[in-house]
Amino acid sequence: MGCPAPSSGVLTTNLATSMHVLQVSCYLDPLNRSPAELLEAWQALGGVAGAVAQQGVQVTVLQPAACEAVLQREGVEFHFVREKQGAGMRRALGLWASPLRRNVIRRARQLQPDIVHFQGLSFPLHVRRLQQWLPGVPVLVQDHADPLPVAWCRPLYKWGLARVNGVAFTARAQVDRFVDAGILRAAMPIFEVLESSSRFTPGDRAGARAKTGVYGDPCLLWVGRLDDNKDPLTVIEALHAAMPRLPDPHCWFCYTDAPQLDAVRERLASDPELGARVHLLGAVPHETVELLCRAADFLVLGSHREGSGYAVIEALACGTTPLVTDIPSFRKVTADGRFGGLSPTGDAEAIARTLLEWSARDRRQLRQMARAHFERALSFDAIGAHLCAAYQAMLTAS
């Protein structure tokens with residue numbers, strides 16, 4: 001079975017030893033959807049596994065669910081194992097305190113993998129138990145924007161994750177806070193791998209604008225929560241600062257959770273000219289997000305922390321250039337700012353300068369460059385190759 005490994009940013013066709021990879025999640029869907037529904041709703045679940053399988057690796061996915069099922073999709077076997085939701089107190093304490101998913105762990109041992117790819121740092125006790133039941137099997141644990149646990153939980157995390165063979169983050173710098181907190185050892189092997197990718201594609205910008213009704217020069221798009229972390233107020237202040245020097249800027253906000261919505265509305269009401277240029281669309285269907293990305297000139301976000309930044313990846317998939325904050329995941333996704341503007345967090349003036357600078361560039365060329373970068377570095381194919389190389393490295397070291 002083949003396994004191309006990245007070399008100097010280019011994928012090669014070196015062959016690796018055949019392997020059976022078991023991708024394990026212990027997160028139980030709170031909506032109790034059926035296995036088929038989960039595969040439809042959680043596209044990353046099948047997308048990443050399928051990308052690895054396309055590299056010639058045997059991949060099995062193990063996922064707790066409300067009912068039992070074994071499904072086949074794109075060369076991957078999905079095992080859905082029945083588990084019960086945890087008690088309210090356990091949910092309040094955190095994911096790490098959820099039931100140990102004994103059925104998942106038993107099935108994992110039955111499947112006899114060569115390597116385990118465990119999803120999430122927030123299940124340290126589950127990881128430890130899994131390693132007890134699969135002695136000698138290397139385990140890679142992947143970050144999914146996992147929060148740093150409170151201080152009194154950190155010894156439990158350290159103990160649970162002490163024996164893992166490697167960790168995967170979007171950007172290497174993201175591991176620092178877990179090392180500084182004493183949760184992960186400094187010498188832990190680290191692999192830079194995106195959490196997921198996107199199936200979005202470029203399309204006709206004029207047609208997308210006609211279908212969605214958005215406009216602007218530049219036409220800016222926000223996709224994300226209205227909360228402290230995403231920091232919409234700073235982005236709005238940046239637009240306010242840049243408005244006099246832009247032809248006809250308009251920013252379109254798509255969001256679900258919106259704890260800062262009242263503050264945003266109050267700021268827009270205080271300045272009618274600014275309010276006329278900021279449009280609060282609220283929640284929109286995922287397929288509409290693709291059209292909006294095609295219609296926009298730039299995606300804007302003020303995030304202080306992200307695991308990968310799905311909105312940024314989706315924008316690049318459509319050929320839309322992101323103008324975002326200078327945080328580790330966004331630096332990685334934009335290739336250190338070569339395919340998107342980066343500004344310090346919380347700095348409206350710096351974001352305004354970035355907006356002005358990138359708005360003056362050739363936007364047709366920017367769209368071509370953005371999509372080419374996505375295909376090369378951010379697509380499911382790229383993730384599959386990067387994971388395959390990580391698995392091979394761990395098996396070689398074990």
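Leu-130 counts as buried, at 2% relative accessibility (buried means under 20% relative accessible area, exposed over 50%, and partly exposed in between, with a 1.4 Å probe and protein chains only). The model here is a predicted one, where local features need pLDDT of at least 70 and side-chain atom pairs count only at pLDDT 80 or more, while totals for chains, interfaces and linings use all residues. Residues are numbered from 1 along each chain as its sequence is written, and side-chain values use heavy atoms, with hydrogens and water left out.

Back to Leu-130, which sits in helix H5 (residues 124-133); helices (H or I, at least four residues) and strands (E, at least two) are DSSP runs, numbered from the N terminus. Once its neighbours within four places in sequence are set aside, Leu-130 touches Ile-105, Ala-108, Val-116 and Phe-118, a contact being heavy atoms within 4.5 Å. Take Ala-108: 22 residues separate it from Leu-130 in sequence, and the C-alpha to C-alpha distance is 7.9 Å.

Next come the salt bridges, of which the structure holds 15. The term stands for a side-chain nitrogen of Lys or Arg within 4 Å of a carboxyl oxygen of Asp or Glu. One of them pairs Asp-297 with Arg-205, with the closest N and O atoms 2.7 Å apart. Asp-297 is in the loop between helix H12 (286-295) and strand E14 (298-300) and Arg-205 is in helix H8 (residues 205-212), so this pair ties together parts that lie 92 residues apart in sequence. Asp-297 counts as buried because its relative accessibility is 6%, whereas Arg-205, at 34%, counts as partly exposed.

Another pair is Arg-267 and Glu-237, whose closest N and O atoms are 2.4 Å apart. Here Arg-267 belongs to helix H10 (residues 261-269) and Glu-237 to helix H9 (residues 232-242), so the parts tied together are 30 residues apart in sequence. Arg-267 is buried, with a relative accessible area of 18%, while Glu-237 is partly exposed at 28% relative accessibility.

Asp-248 and Arg-277 also meet through their side chains in a salt bridge (2.7 Å, N to O). This one links distant parts of the chain, 29 residues apart: Asp-248 is in the loop between H9 and strand E12 (250-254), and Arg-277 is in the loop between helix H11 (272-275) and strand E13 (278-282). Asp-248 is partly exposed, with a relative accessible area of 31%; Arg-277, at 17%, is buried. Elsewhere, salt bridges with shared partners join Arg-205, Arg-209, Asp-217, Asp-297 and Arg-363 into one network.

H16 and helix H17 (residues 380-397) pack with their axes 5 Å apart and at an angle of about 30°. Axes are lines fitted to C-alpha atoms, for helices over the stretch in contact, and angles run from 0 to 180 degrees between N-to-C directions. H16 and H17 are therefore roughly parallel to each other (angles under 35 degrees count as roughly parallel, over 145 as roughly antiparallel, 65 to 115 as roughly perpendicular and the rest as oblique). On the H16 side the contact is made by Arg-376, Ala-377 and Leu-378, and on the H17 side by Phe-380, Ala-382, Ile-383 and His-386. Arg-376 lies in H16 (residues 363-378) and counts as partly exposed, at 46% relative accessibility. Leaving aside neighbours within four places in sequence, Arg-376 is in contact with Phe-339 and Ala-382.
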